[in-house]
Amino acid sequence: LPGLGKDIFLFEGNTKNTVIYVSTNGEHLEKSSNLKYWKELLNSKDISLEVITEKNLTIDTLKLASNRITEMTIQTLVSSGKYLREATINRPELDNLLGDFAFGKYGAFVLGGESGIGKSTLFAQKSEEWQKNGEVVLFYRASNLINTKISDRFFRDLGIRVSYLEDFLVLLNPLFENSETKFYIVIDAINEFSGNVSELISEIDGMVQQAATFNWFRIVVSVRDSSYHQIPKNVQFGNKSLNRYFTVEEVVGVGDKVRTPIVKLLPITENFVEELYNKYRNFKIFDESDSEDPGVYHYRPLTVFSELNKDENTAKLLRAPLMARLILESYHREILPSDLTFDKVMKLYVDNVILEKNGLTGGFLQREILLTTIVKQMDKENKDILLRDSLFEIPSIKAFLTNTQKDSPYIQLIDLGVLIEEWDKDNCSIRFAFDKLLEFLMSNLYLPRIESIDDVLNL
């Protein structure tokens, strides 16, 4: 595909034990990967794609090229379990704000919120909705961006041969200036960018400023609150052009109100918790190779929502989509109590879902050894992402990583959606799929060392 690069198969020549597939978009799959991942990636190859030139430059050709990228990003979220379409509910408060953003003269929308509140799910849902409505949408995960030059990435992905954002905007302007169609660049979880996050924010800020006279070009990004608060004030969003950002009122100090470009995604309101609960409870997983497979429930406690005490803690925990999922998965085919705590939910999730403990055995202890070792290494390096090759240097888990068969605890944790592999050229990094799980495992690592407030301060 001229201008779009090539897809290739790489075969390990000596042992012939490993087959690696590398796609144009940086996706890597190895022989040990689940068959459905191979099928999804190979099916995403579209030989009808053509390089976009001035002669064939239309909104339709842009949609064809952008849809391929967006669908791959969404499929990655689906495969990792971060996005379950059938278990997703609408967030009316955000729908209204994003509607105001779409119809207003803004250049950027920044979604904030804590881990597990549903930012990735919302972006996947809105990207699909915008596609259906005829918008051009390029959806990326920040963890898959190689560097801060975002414009270079989407020039390449679209197959448009320009060097500068200004040239790109001028080239596309005749198509969009008298059209209601918008061009969305959606970047999820910029806090997971492997490079300098401050530089990425500055790059986005500069793009927003450059596109000031092109109202059809929109940038939508998300960021975790705790990570964003660590970014220096002078490089936060809106530093160069706050008026181009969609802003909301925020109360600071003693009742003072300021405009901020960070729109907070809050926990689900109480009147929508039952809908989320029932969608998870009715969700089924199907065998894609069997068209007659009736599917199996995966998040179905014996307790119906009306039996829960709405004033106790479980109902409050269910307002966060990630916690709702972990709770229902941990209590699958069991009675759900009304007085759960965060720590109890996480312990049950680790014991029942990850380690698969039961009354007769201690579960898959090798998975526990691997998880504990990875957490210790992350703590040692003060990172939430590690190069996979660096783990080969740890003798206690080397055998887990070199084993590429299904009995490998590493492969099992990947398939369970506990760990995620991310590729940058030839480098493979691993991270936890859910930040809340890492936080829980990290706290368990430190808890034995804490007997007083002095121990906390020393840590």
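Trainee: Does M442 count as buried, partly exposed or exposed?

Mentor: Bear in mind that this is a predicted model. M442 is found in helix α17, which covers residues 435–446. Buried means a relative accessible area under 20%, and because M442 has a relative accessibility of 18%, the class that applies to M442 is buried.

Trainee: Which residues have the most contacts inside the largest nonpolar core?

Mentor: The largest nonpolar core has 82 residues, and a second, separate core of 46 residues includes L165, L172, I204 and F214. Taking I327 as an example from the largest core, its contacts beyond four places in sequence are L317, L318, L336, L340 and V345. Inside that core, the residues with the most contacts are F109, L318, I327, I354, I374, F432 and L437.

Trainee: How far away from K182 is the nearest side chain of opposite charge?

Mentor: K182 lies in the loop between α6 and β6, and K182 touches A102, E135, V136, F176, N215, W216 and R218 when residues up to four places away in sequence are not counted. A salt bridge needs a side-chain nitrogen of Lys or Arg within 4 Å of a carboxyl oxygen of Asp or Glu. K182 is buried yet has no salt bridge, and the distance to the nearest side chain of opposite charge, that of E135, is 6.1 Å.

Trainee: Within what arc do the buried residues of α9 fall, seen down the axis of the helix?

Mentor: The twelve residues of helix α9, at 1.5 Å a residue, should span 16 Å, and the end C-alpha atoms are 17 Å apart, which agrees. The buried residues of α9 are V273, L276, Y277, Y280 and R281. Seen down the axis, these buried residues line one face of the helix, because they fall within an arc of 130 degrees.

Trainee: Which elements do the buried residues of α9 pack against?

Mentor: The residues in question include V273, L276 and Y277, which are among the buried residues of α9. The elements that the buried residues of α9 pack against are β12, α10 and α11.

Trainee: What is the distance, N to O, in the salt bridge between D188 and R141?

Mentor: The pair links distant parts of the chain, with D188 in strand β6 and R141 in strand β5, 47 residues apart. D188 is buried, and R141 is buried as well. The side chains of D188 and R141 meet in a salt bridge whose N to O distance is 2.4 Å.

How values were computed
Residues numbered from 1 in each chain as written. Predicted model: local features only at pLDDT ≥ 70, side-chain atom pairs only at ≥ 80, totals over all residues. Heavy atoms only, no water. Core = buried A, V, L, I, M, F, W, Y, C linked by side-chain atoms within 4.5 Å. Buried < 20%, exposed > 50% of the residue type's maximum accessible area, 1.4 Å probe, protein only. Contact = heavy atoms within 4.5 Å. Helix = DSSP H or I, 4+ residues; strand = E, 2+ residues; numbered from the N terminus. Lys, Arg positive; Asp, Glu negative; His and termini not counted. Expected span 1.5 Å × (residues − 1). Arc of directions from axis to C-beta.
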